[in-house]
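Colleague: Please put the model up, and then I will ask about chain geometry, helix packing and symmetry.

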Number of protein chains: 2
Amino acid sequence: MKEKLKIGLLGLGVVGSGVPEILIAHQEKIRQVTGMDIVVEKAFVRDIEAKRALGDAFNIQLTTSINDILDDPEISIVVELMGKIEPAKTYISQALEKGKHVVTANKDLLAQHGGELVALAQKTHCDLYYEASVAGGIPILRTIANSLAADDITNVLGIVNGTTNYMLTKMVNDAKTYEDALKEAQALGFAESDPTNDVDGIDAAYKMVILSQFAFGMNISMEQVSVKGIRGLALEDVAMAKQLGYEIKLIGASQKTGESIHVEVSPMFVPKKHPLASVSNEYNAVFIESSGVGESMYYGPGAGAKPTATSVVSDLITIAKNIRLKTTGHMFNAYRHETLLTSDEEIFSKYYLSLEVPDEKGQFLKLAEIMNQADVSFDQVVQQKSEGDTARVIVITHRTSKKKLDAALEKIKKSTAFTLLNTMKVLGD
Amino acid sequence: MKEKLKIGLLGLGVVGSGVPEILIAHQEKIRQVTGMDIVVEKAFVRDIEAKRALGDAFNIQLTTSINDILDDPEISIVVELMGKIEPAKTYISQALEKGKHVVTANKDLLAQHGGELVALAQKTHCDLYYEASVAGGIPILRTIANSLAADDITNVLGIVNGTTNYMLTKMVNDAKTYEDALKEAQALGFAESDPTNDVDGIDAAYKMVILSQFAFGMNISMEQVSVKGIRGLALEDVAMAKQLGYEIKLIGASQKTGESIHVEVSPMFVPKKHPLASVSNEYNAVFIESSGVGESMYYGPGAGAKPTATSVVSDLITIAKNIRLKTTGHMFNAYRHETLLTSDEEIFSKYYLSLEVPDEKGQFLKLAEIMNQADVSFDQVVQQKSEGDTARVIVITHRTSKKKLDAALEKIKKSTAFTLLNTMKVLGD
């Protein structure tokens with residue numbers, strides 16, 4: 001008889017129910033690779049009656065008492081799919097303390113308390129895997145941890161939020177407004193009724209914190225990430241991007257300069273020939289620049305029940321192999337580096353500026369003077385037809401430091417009647 | 001003092017010399033991850049004098065006698081970067097027999113004798129890794145082996161030859177002829193002076209054999225791969241692809257139907273919105289369809305000294321970890337499945353046909369009748385302006401079986417004065 005590896009599942013929603021489904025469908029293949037049968041033995045649910053049919057279908061014992069799982073010595077792995085910080089954090093900690101390995105897809109938790117949980121797992125010699133927490137179906141964390149150990153990553157650019165990428169695709173391709181695109185995403189189930197975490201870039205920021213940990217070995221806190229979402233993005237900016245040969249994407253960027261990094265989430269102009277430009281709809285992609293490999297990109301579904309559950313099962317297989325080989329207790333990502341943040345003087349980029357200026361003589365000269373004084377030069381300038389008393393001026397700058405740009409924008413605010421409508425980074429040299 | 005892991009390098013060319021370079025540059029990081037120092041101790045070269053400076057720079061003993069490496073009990077890993085079948089095959093076999101682990105980037109060898117070498121490595125409990133053999137800088141084999149164990153792959157589509165992709169990019173974007181594109185690729189060092197393996201699709205076929213082994217667990221021989229390259233691809237076809245909204249790419253396809261697979265390499269029409277369409281110049285990408293994750297794509301440099309050497313060092317790190325954890329001797333890819341080939345009745349696709357027809361009345365009707373009889377229907381038809389006595393007719397069919405298409409083409413050949421100029425698969429539904 002084959003060895004049985006018993007799982008306790010916390011949460012039996014759409015992703016949760018995908019886990020036993022995949023384990024059963026791939027039983028033979030998993031047995032071949034791990035030498036074991038991985039089975040979901042128990043599931044912790046809020047309402048047993050509501051999940052009765054699922055429990056019966058997969059032969060899973062349902063319980064509303066977490067201790068039925070945590071105190072069961074037969075259960076060696078806990079899979080947490082409840083989301084949010086509490087009670088997930090407490091349950092995971094208790095599981096690790098009881099010597100159980102843990103798999104989770106909880107990005108909020110990992111981004112905010114990852115260091116603590118990883119340390120606990122180390123202390124209790126348990127495995128803690130969370131591949132599904134970033135870019136659902138893309139094995140990006142494993143890829144960074146395994147294959148890029150021989151490489152120096154210098155830049156990680158990610159489209160890591162499917163909801164906003166779907167919305168931006170609709171806004172760009174179909175000229176839908178932000179509001180209509182959001183409604184459509186909600187109707188399709190991509191966006192939640194409260195879309196704050198998605199549209200304000202918070203979800204993407206969680207993922208960039210985790211990616212930065214893997215790529216640079218640094219523990220960044222959410223407060224150290226500069227975050228701007230796509231809420232209220234104007235169709236004018238979208239149209240202008242198109243006209244100038246760019247796509248607008250919500251980009252999570254974690255960039256190394258010397259020994260320090262800068263992490264941000266923001267809508268950015270992406271040149272049409274950049275590999276990230278063609279990532280559309282709900283898809284995610286992570287683009288990596290490194291000294292050895294050069295440019296590489298990993299593309300796939302960022303969410304969805306099946307891709308996420310598949311990723312969770314991959315982690316389960318990894319742990320099963322570790323158990324078999326008696327190599328559990330090693331960190332998912334062992335790379336550690338002192339956390340250093342890049343100063344504004346050293347953050348360089350091209351920028352897109354959209355300004356409303358009084359439709360009077362001499363305004364453009366004023367703008368040019370301010371920019372020139374601040375040592376920020378123009379790559380492209382477009383003056384749009386005026387509407388009433390104001391005209392719209394679009395500037396794409398040459399590469400400049402964030403410090404210089406901020407100084408220029410401050411000056412504009414103080415000494416002109418211009419209104420800065422929007423500013424975005426522009427990818428590329 | 002840290003443990004030292006000594007490497008014997010076979011071949012100190014551009015890729016070979018990249019290996020000690022990366023090992024030295026990343027010494028600290030590698031030590032952190034493996035607990036060991038990995039050093040190239042000896043290198044087997046043809047001409048010691050020619051490589052003297054390199055040997056001195058990296059503190060490597062040079063030798064022209066293979067036994068200096070094979071008989072050295074201190075050397076635990078042999079890295080083969082000579083290419084071609086012999087003597088590489090003999091040296092690798094001898095290394096494995098002497099209990100040395102092996103890393104190679106040799107796709108020709110792996111595609112043609114992989115089964116044999118893997119079996120030998122199993123017998124002698126040695127590691128045999130070859131990530132760099134497919135798509136240089138992209139960790140695609142590891143990704144398939146590790147992360148997709150919980151998934152069923154149904155289709156692998158690869159742009160796995162950088163030379164031809166570079167040529168096709170120039171032909172499509174700059175309307176260069178095949179000959180000019182080839183010359184340019186040769187001048188840039190992407191294509192060898194004898195470009196046969198690249199332009200005739202053989203190199204891509206090697207890689208598809210290896211990818212098929214990983215994705216489907218099946219050992220396919222080169223004779224079982226249907227191979228067509230881009231030699232002599234006409235600018236007319238390239239222009240027509242563009243006009244109809246497609247890119248032409250040399251695609252390696254390994255597709256599963258039921259329990260059988262069909263492997264081929266051929267130029268194909270790729271719809272512009274397909275993720276593979278935007279893979280240009282010398283870049284490679286592997287697009288995977290699977291039941292769990294859905295669609296994913298892995299993009300990066302397909303060749304080049306640095307990406308390939310980085311990939312080799314990744315394999316060395318994997319082996320170093322295995323040695324540390326005493327888990328060597330497991331197969332790079334443990335998935336095995338009986339090899340079954342799909343019959344022509346079950347291979348479905350849309351097809352592009354380019355025909356030269358006499359510029360006379362009734363010719364088009366004749367074509368339509370033949371296709372109708374063969375049960376192949378038209379999706380798009382374009383009749384181009386005639387040149388002299390003949391006209392050019394372009395057909396894109398609806399999805400049809402290879403068997404039906406072949407029957408239609410056979411009929412055209414036999415019973416009409418048409419000339420079939422070209423036929424290509426069209427990706428998408």
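**Loops, helix packing and symmetry**

Modeller: B:Pro87 sits in the loop that runs between strand E4 (75-80) and helix H5 (88-97) of chain B; helices (H or I, at least four residues) and strands (E, at least two) are DSSP runs, numbered from the N terminus. This is a predicted model, in which local features need pLDDT of at least 70 and side-chain atom pairs count only at pLDDT 80 or more, while totals for chains, interfaces and linings use all residues. Residues are numbered from 1 along each chain as its sequence is written, chains are lettered from A and ligands numbered from 1 in the order in which they are written, and side-chain values use heavy atoms, with hydrogens and water left out.

Colleague: What is omega for the peptide bond that joins B:Glu86 and B:Pro87?

Modeller: Most peptide bonds are trans. The bond joining B:Glu86 and B:Pro87 is cis. Its omega is about 10°.

Colleague: Where is B:Asn281?

Modeller: Most residues other than glycine have a negative phi. B:Asn281 has a positive phi, near 55°. Its place is the loop between strand E10 (260-271) and strand E11 (283-290) of chain B.

Colleague: How are H8(B) and H9(B) oriented to each other?

Modeller: Two packed helices are described by the angle between their axes and the distance between the axes. For helix H8 (residues 162-173) and helix H9 (residues 178-187) of chain B, the axes come within 9 Å and cross at roughly 130°; axes are lines fitted to C-alpha atoms, for helices over the stretch in contact, and angles run from 0 to 180 degrees between N-to-C directions. Angles under 35 degrees count as roughly parallel, over 145 as roughly antiparallel, 65 to 115 as roughly perpendicular and the rest as oblique. H8(B) and H9(B) are therefore oblique.

Colleague: How do the residues of the contact of H8(B) with H9(B) divide?

Modeller: B:Thr163, B:Tyr166, B:Met167, B:Lys170 and B:Met171 in H8(B) meet B:Tyr178, B:Ala181, B:Leu182, B:Glu184 and B:Ala185 in H9(B), where contact means heavy atoms within 4.5 Å. Ala, Val, Leu, Ile, Met, Phe, Trp, Tyr, Cys and Pro count as nonpolar, Asp, Glu, Lys and Arg as charged, and the others, Gly among them, as polar. The residues of this contact of H8(B) with H9(B) divide into seven nonpolar, one polar and two charged.

Colleague: What is the orientation of H8(B) and H12(B)?

Modeller: B:Met171, B:Val172 and B:Asn173 in H8(B) meet B:Leu235, B:Val238 and B:Lys242 in H12(B). H8(B) and helix H12 (residues 235-243) of chain B pack with axes 9 Å apart, at an angle of about 70°. H8(B) and H12(B) are therefore roughly perpendicular.

Colleague: In chain A, what is the orientation of H1(A) to H13(A)?

Modeller: Helix H1 (residues 14-25) and helix H13 (residues 305-325) of chain A have axes 8 Å apart and pack at an angle of about 55°. That makes H1(A) to H13(A) oblique.

Colleague: Which residue of chain A comes closest to the rotation axis?

Modeller: Chain A is superposed on chain B by a rotation of 180° with 0.0 Å of shift along its axis (RMSD 0.0 Å), fitted by least squares on the C-alpha atoms of residues with pLDDT of at least 70 in both. That is the relation of a two-fold axis. The residue of chain A closest to the rotation axis, at 2.4 Å (C-alpha), is A:Tyr298.
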